[in-house]
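Here is a brief report on one protein chain. Fold first or side chains first? We start with a side chain.

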Amino acid sequence: MLDPARPLISYLRVSTDRQGRSGLGIEAQRAAIETFAQANGFAIMGEHVEVETGKGSDALGRRPHLAAALAAARKAKCAVVVAKLDRLSRDVAFIAGLMAQRVPFVVAELGEDADPFMLHLYAALAEKERALIATRTKAALAAKRAQGVRLGNRTNLPLASRAGGLSTARAADAFAANVLPIVAGIQATGTTSLRAIAAELNARRIETARGGIWSAAQVQRVLARARTAGNEA
């Protein structure tokens, strides 16, 4: 039986927009969290779903739903639960930054008794594994170059530049799509002016796409981008 006296806030994340649209990975995470909660008598009081990369120690600024999950957990005085540690990050600095938020985390895969030291240790191991993979990849590419293999497409730089611009635009669209439900929730409380919405986002410690504070103009741009994306869909 689920005990409302043992609440949790659920956080789910996938890394790509394609995964987000298809639901790939989300249902598996949700099922793992629900199984963990039922086995240990927790009650899931809220769920936050993010489509964003976990790379980089500054990733929190690009993940408004994680910020919202932290805010909800503070309000409920409970922990945030994830299915696996890598749904938070594989970056030790990022994990350490989350611990500084003074909101406890529960990792369903590791069990209820995994303390912050264990989470740091697992994150360090994952980060080391990623570094070793990167080192091996660089060594393999260097060996190919030494053999005279021509890597990459050096004749199509304009196309590559345009592709980079499209990637940036897609990232901005994804951020707007993530923030929009939070803005809608704020509007539902009767807070409708752009300035007031910006103030509420700042109060919830939700950063802009570049890690700054919100202004009325930034809220307007996010709403406009979300409307444009919706019209193109």
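Is Phe42 buried or exposed? Phe42 is buried, at 7% relative accessibility. Buried means under 20% relative accessible area, exposed over 50%, and partly exposed in between, with a 1.4 Å probe and protein chains only.

This is a predicted model: local features need pLDDT of at least 70, side-chain atom pairs count only at pLDDT 80 or more, and totals for chains, interfaces and linings use all residues. Residues are numbered from 1 along each chain as its sequence is written, and side-chain values use heavy atoms, without hydrogens and water.

**Around Phe42**

The whole structure holds 1 aromatic pair (ring centres within 6.5 Å). Phe36 and Phe42 form a stacked pair, because their planes stand at 15°, and stacked means under 30 degrees. Their ring centres are 5.7 Å apart.

| Residue | Relative accessibility | Class |
|---|---|---|
| Phe36 | 8% | buried |
| Phe42 | 7% | buried |

**The chain overall**

The protein chain has 8 helices and 4 strands. These are DSSP runs: H or I of at least four residues for helices, E of at least two for strands. Their order along the sequence is β-α-α-β-α-β-α-β-α-α-α-α. Of the 233 residues, 33% are buried. Among contacts (heavy atoms within 4.5 Å) with a separation of 6 or more, 68% join residues 24 or more positions apart. The accessible surface is about 13,700 Å² (Shrake-Rupley, 1.4 Å probe). Carbon and sulfur atoms account for 56% of that surface.

Conventions:
Rings of Phe, Tyr and Trp (its six-membered ring) pair if their centres lie within 6.5 Å; planes under 30 degrees apart count as stacked, over 60 as edge-to-face and the rest as tilted.
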